[in-house]
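Please open the structure in your viewer and keep the selection panel at hand.

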Amino acid sequence: MAERKLLYHFNRAPHGNIFWTEGMRAATGAVAGIDEHKVDLLFQGDGVYNALKDMEETESLGYLPSLEDAGVHYYVVDEDIKERGVGAGDLKDRFEVIDRAKAAALYMQADMNVDW
Amino acid sequence: MGVYLLDKPFGDIGLKIANFDDSAKVVLIKDGVYLNTSGLRGGKVYAMKDDVEKRGLGKVLAGKAELIDYPKLIDMIVDDKVMNFI
């Protein structure tokens, strides 16, 4: 299987479940190995809470260097942070704020997508 | 562009994404049959027949969604890209 463009979308708030950690682990696996897939991470709905500066992410910190080396992008949907009273300044630096149209374009550009 | 498989509670997000896809095939499954698709700008709405009938929503969805069975859903999934919001 050749390199593919993957979109991992996070729709759930962190903690109380394993989706955040498992999504990050899976993304790390996807960018590694023989195929070295290109991966974008999209945070929307309650998934935007994953992007908060103060969100405790000890369990997934180990994945960040590999994802950074692979050039993985972290996107968070502007409409969803505003709906929840979250400002762009409340987010970790690695997250880029995009609008819903750009999020839809990410789905169209991806060869496949996986929800977390 | 693809099949949007929608259940609650994440289906509302899927509808917002599908709104940018004029050829969206929106499939309501399980409690997704309760989603309000009236704001959808384009595409076509399908609903799982079993899930609609068990919830007594046949009349509510009449004219709003095409009812399909699982063999049809599998054909759609195999033939197209799937955006999963379950």
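What percentage of the 116 residues in chain A do buried residues make up? Buried residues make up 37% of them, where a residue is buried if 20 or more other C-beta atoms, placed from the backbone, lie within 10 Å of its own.

This is a predicted model, in which local features need pLDDT of at least 70 and side-chain atom pairs count only at pLDDT 80 or more, while totals for chains, interfaces and linings use all residues. Residues are numbered from 1 along each chain as its sequence is written, and chains are lettered from A and ligands numbered from 1 in the order in which they are written.

**Chain A as a whole**

Select chain A, which has four helices and five strands (DSSP runs, numbered from the N terminus, of H or I with at least four residues for helices and of E with at least two for strands). From the N terminus on, these elements follow the order β-α-β-α-β-α-β-α-β. The radius of gyration, taken over C-alpha atoms, is 13 Å for chain A, close to the 13 Å that the globule rule gives for 116 residues, so the chain is as compact as a globular protein of that length; the rule is 2.2 Å times the number of residues to the power 0.38.

**Strand β2(A) and its partners**

Next select residues 38-43 of chain A, strand β2(A), where five of the six residues are buried. Helix α1(A), residues 19-31, carries the chain from β1(A) to β2(A) in a right-handed β-α-β crossover, meaning that, with the strands pointing away from the viewer, the path from the first strand over the helix to the second runs clockwise.

**Where chain A meets chain B**

Finally, show both chains: the contact takes twelve residues from chain A and eleven residues from chain B, with residues in contact if their C-beta atoms, placed from the backbone, lie within 7 Å. On the chain A side, α4(A) gives the most, with six residues.

Definitions and conventions. Contact = placed C-beta atoms within 7 Å. Buried ≥ 20, exposed ≤ 12 C-beta atoms within 10 Å, placed from the backbone.
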